[in-house]
Amino acid sequence: MCWRIYRVLLTKSGIHAIVPDRRRLDMKLASHALPLPGMAAASLNYSMPVIEPIDSLEEIRNNNQVESRLRSIDWSFSKDDTDYLSHDIHPYPTKFIPQIPANLITALSLPGEIVWDPFGGSGTTAFEALLLGRQAISTDANPLATLISQAKCSTLSPEDLGHLQKLSSRLRALASNRQDAEKILKEAWQQISHLVPEIPNIEKWFHIRTIQELAYLKSQISSLPNETCKVFASVCLSGIIVKVSFQDGETRYASKPRDVDVGETLLSFSNYLSDALKKHEPLQLLLQYRRPIITTLDIREPFRKGRLGPVYSNSVDLVITSPPYANATDNHLYHRFRLFWLGYRPTEFANMEIGSHLRHQRLKRGFDLYAEEMSLALRNIYEALQPGRFAVLIVGDSLFDGKIIHTSEELANISEQIGFEIVTDIERPIHQSKRSFIVGARRARQENILVLRKPPRKIRVVLYPASYKMWDYEVVLRKREIVGLLKTAPEDEGDGRYSLELDPFEVDRIRRLTFTHKAKFNPGSLILTWQAILENGNTLKAKKNRKEPKYVTHGIHPYKGKFYPQLAKSLFNLSGVPTNSWVLDPFCGSGTVLLEAQLNGLHAAGIDMHPLAVLIARAKTSICQENPYEVDFVLKDFLDEIEVDRSSPQHAEWFPPKCHEEIRSWFPPPVVQKLGWLLMEIKKVPILAVQEALLVCLSSIIRNVSQQDPKDLRIRRRNPPITDAPVLELFRQKVLELRARMRQFAESVTAAPYVMKPARVIEGDSRTEEAYAKIAPMNGFDLVVTSPPYATALPYIDTDRLNLLVILGMSSSERSSLERKLTGSREIRARERRQLEEEIPSLTIETVGSQLAIATIQEIWHRNVNAMVKVGFRRRNMGALLLRYFRDMFNSFRAMDKYLARDAQVFIVIGDNKTVAGNTIMRIPTTDILVEQGEAVGWALKERIPITVTKENLRHSKHSITKNTVLWFYKDSSRQAYPHHRG
Ligand SMILES: C[S@@+](CC[C@H](N)C(=O)[O-])C[C@H]1O[C@@H](n2cnc3c(N)ncnc32)[C@H](O)[C@@H]1O
């Protein structure tokens with residue numbers, strides 16, 4: 001069997017391409033699991049936008065520039081496959097070709113911005129906007145258009161697919177058994193007869209059997225478990241209406257009665273549904289759970305209190321739309337029976353339908369009616385747009401009483417009166433074969449692309465803080481990132497609100513703020529920052545009183561570090577580095593900085609010596625780069641696979657023999673068996689990043705199922721020991737949580753103001769240049785953000801001993817040799833201690849790069865030596881340990897400096913700690929020492945930003961850390977670096 005597995009790639013411009021993934025394919029063939037059902041049928045000829053994408057709003061400041069950019073491509077697309085989205089599950093006669101919105105979106109908006117189509121039709125604009133990572137809003141007066149667009153833009157989860165496939169097969173089975181079908185329909189009739197719509201002369205248009213079966217289908221659809229399934233199935237129901245009726249073809253309103261067999265309509269629906277599911281499948285790989293906003297809306301309605309349906313005043317970044325042609329299509333007639341069967345009144349829509357030929361006739365009005373109604377639409381479009389942004393109309397000429405009217409000229413005039421600037425009017429030839437079948441439009445050989453702009457003006461913005469209580473230093477950071485990013489000092493409006501006036505081509509930066517969650521433009525509109533959406537989802541309702549540190553994959557595994565995501569992100573903002581810059585974390589731990597960088601459009605690279613940290617960091621970041629649709633399928637499949645405990649004694653042998661004994665001593669036999677089985681199942685998962693994330697989930701429950709007392713941070717055995725543990729339940733819970741987080745992330749990803757880039761993570765030693773050489777970009781890193789280990793840090797390896805043992809198969813001797821090597825370790829062998837101590841009396845600046853370090857090490861050592869008889873070995877080691885720590889830190893600085901770009905910035909989160917030296921408590925001035933060491937490698941200290949210690953950190957620390965500081969350096973290329981430092 002040939003399985004075609006696709007991979008969705010992110011390119012520079014945020015455009016997606018689908019290519020068969022050889023690596024994945026091989027893995028999949030090698031494994032038993034084939035989790036993407038029906039992928040064999042998937043094929044998609046997605047053509048990428050050809051126009052140059054913009055990188056910043058600055059590029060669309062000037063109208064002439066915009067015009068020449070737009071005129072740089074051939075809009076006829078005569079050689080392109082313009083039907084690729086006609087994998088459509090429902091006909092919609094007035095669609096435009098997807099290349100038009102795709103190229104306009106690319107040229108006139110940034111990722112994460114809002115694109116609105118007020119004549120949304122079948123949702124072509126919304127679909128393309130989602131693919132290009134924009135937030136999509138589609139509205140249309142036709143309620144069927146809403147349903148079709150919703151179905152087209154929805155990703156069916158594995159469960160949804162299951163429900164719909166089941167429905168299709170159940171109906172097929174019923175249709176094939178005449179007797180059963182008759183019986184069931186008869187029995188159901190009482191309950192379902194009310195579902196038959198009031199179609200005048202219904203018998204003229206539908207056979208009585210068809211009427212019964214359609215009502216039955218409606219009842220079956222209404223009992224589907226969720227809206228996504230109901231909408232999808234309703235669109236399929238709509239799709240068969242004309243075919244099962246007596247109507248003589250899609251556009252001929254003549255009744256042609258015929259005989260209809262029992263089950264015919266059920267079968268027709270079943271076939272249509274299963275076909276639609278197949279056609280939709282490749283689109284889902286592209287859609288990846290991204291969600292649009294689609295509602296029914298008559299565009300002639302005015303804005304009320306700054307809102308029109310889902311659209312706010314001054315909030316839309318781009319409008320792309322093809323309004324109806326004047327005196328042409330009659331959508332309400334074309335969809336008449338469908339609308340009836342879906343529970344709508346076609347006359348209601350008929351009264352709203354702009355351009356409808358019948359309506360022009362009925363009201364005895366000419367082009368003036370169209371002009372009047374389009375003027376209302378254009379007013380609304382103007383109101384919705386942000387100042388300085390564009391509305392693009394795709395329009396065709398129309399015919400009244402044999403006279404051709406040039407619509408785009410007329411609309412340009414109206415638009416000018418409303419206040420729009422006319423940017424350009426491009427004629428687009430329509431290929432012979434692509435002409436509309438609609439009478440009024442058939443003659444058209446060309447369309448016009450009319451580009452309008454709402455004139456730019458300064459925008460007054462009020463910024464609102466996050467709803468949780470901030471630490472004092474966060475309040476300070478908040479204001480500083482506003483100044484740093486928006487380059488304007490804000491006015492304090494009280495209650496944490498700041499107001500400021502912005503150039504319209506700078507407002508997009510608001511969405512990057514960390515501690516600001518909303519912005520209101522004067523008047524009316526409101527946007528959420530990307531951070532607010534990451535933390536709470538894309539909703540205005542969610543109000544949390546606590547800071548959410550676990551969004552996306554941040555909370556996948558506990559790890560002790562001084563960073564939390566919001567702090568890392570605010571430092572990126574403070575630095576002012578542009579997106580696309582490279583961030584390095586040489587002590588990356590579980591990857592908080594890396595994931596934050598990735599979520600915020602930066603390239604990230606991390607190094608850590610702790611193999612568990614590397615696994616977590618890699619899993620956290622790489623799963624976010626995978627196609628969420630595939631990830632969801634694979635996770636669901638995996639959860640099914642491990643639903644029932646199928647572990648057996650042989651699974652206890654799964655671990656490397658060197659670990660057997662230790663594992664047996666720390667876990668009861670049933671637990672060992674279950675862990676072995678789960679590890680084996682994880683290895684079969686066909687996506688590497690998902691495998692790693694699952695390992696991390698398993699790692700996060702290890703302590704709870706072991707003999708180690710989970711309440712005690714030290715390694716203590718439980719008393720009494722356990723004989724078994726709910727491994728499967730705890731693990732499944734974690735996997736479900738991961739799946740839910742990934743789904744939430746996927747649904748909100750269109751609001752990301754950046755294209756995300758994969759992070760590089762390696763297991764390595766940040767004191768060595770080789771480590772940096774493996775991950776550094778050509779021009780060096782632009783930014784370092786890191787929290788290095790503290791002097792005499794936690795015993796990182798020992799704390800995670802059971803995880804390393806079970807998950808990574810590391811034996812006790814491998815672990816302890818690693819522990820000794822970590823910077824900040826408290827473990828030291830006698831020989832190394834003696835060597836270091838010999839160095840202490842004659843320490844030089846070349847070794848540690850800081851006079852203060854030398855003085856501190858010498859003093860502590862002297863005090864302890866003098867008090868030697870009374871101190872224990874830990875304290876006796878202190879001098880040597882500190883020398884090793886500061887030497888290691890200095891070496892890390894020196895090595896990393898070689899890989900920093902010319903004016904790179906370095907943020908280091910650090911704190912002092914205390915130790916008992918001699919008979920008194922002595923502070924180790926780590927912060928000041930690192931400042932000297934930074935300066936010794938040629939960095940200039942820009943600032944020390946004080947940050948208070950979180951309670952969580954205090955809990956872990958024996959010698960309580962009194963205060964933390966962010967040291968902010970920049971690489972001063974004019975300075976002479978080590979060894980000629982200032983001393
Ligand atoms: C040319 S079609 C748009 C097709 C769309 N671009 C697509 O690719 O499917 C014009 C749309 O205008 C809608 N329409 C007509 N009158 C309207 C009104 N008063 N308010 C909103 N939409 C209206 C029609 O229902 C139709 O879907």
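This is a predicted model: local features need pLDDT of at least 70, side-chain atom pairs count only at pLDDT 80 or more; totals for chains, interfaces and linings use all residues.
Buried here means under 20% relative accessible area, with exposed over 50% and partly exposed in between, for a 1.4 Å probe and protein chains only. Helices (H or I, at least four residues) and strands (E, at least two) are DSSP runs numbered from the N terminus. Leaving aside residues up to four places away in sequence, Phe731 touches Phe638, Ile642, Leu678, Ile682, Leu694, Cys697, Leu698 and Ile701, where contact means heavy atoms within 4.5 Å.

Residues are numbered from 1 along each chain as its sequence is written, and side-chain values use heavy atoms, with hydrogens and water left out.

Turning to the sheet, seven strands form an open arrangement with mixed pairing, in the order β21-β20-β19-β22-β23-β27-β26; two strands pair if DSSP finds at least two bridges between them. At the edges lie β21 (760-763) and β26 (939-947), each pairing on one side only. Strand β20 (residues 603-608) pairs with β21 in the parallel sense over four bridges, and Ile607 has Ile762 in β21 as its bridge partner. Helix α23 (residues 611-622) packs on the sheet and touches β20 and β21, its direction making about 165° with that of β21. Axes are lines fitted to C-alpha atoms, for helices over the stretch in contact, and angles run from 0 to 180 degrees between N-to-C directions.

Elsewhere, helix α33 (residues 830-839) packs against helix α37 (residues 878-897) at an angle of about 80°, with the axes 9 Å apart. This makes α33 roughly perpendicular to α37, a term for angles of 65 to 115 degrees; under 35 counts as roughly parallel, over 145 as roughly antiparallel and the rest as oblique. Here Glu832, Arg833, Leu836, Glu837 and Glu839 in α33 meet Ala880, Leu883, Arg884 and Arg887 in α37.

For the chain as a whole, there are 39 helices and 27 strands, and buried residues make up 61% of its 983 residues.
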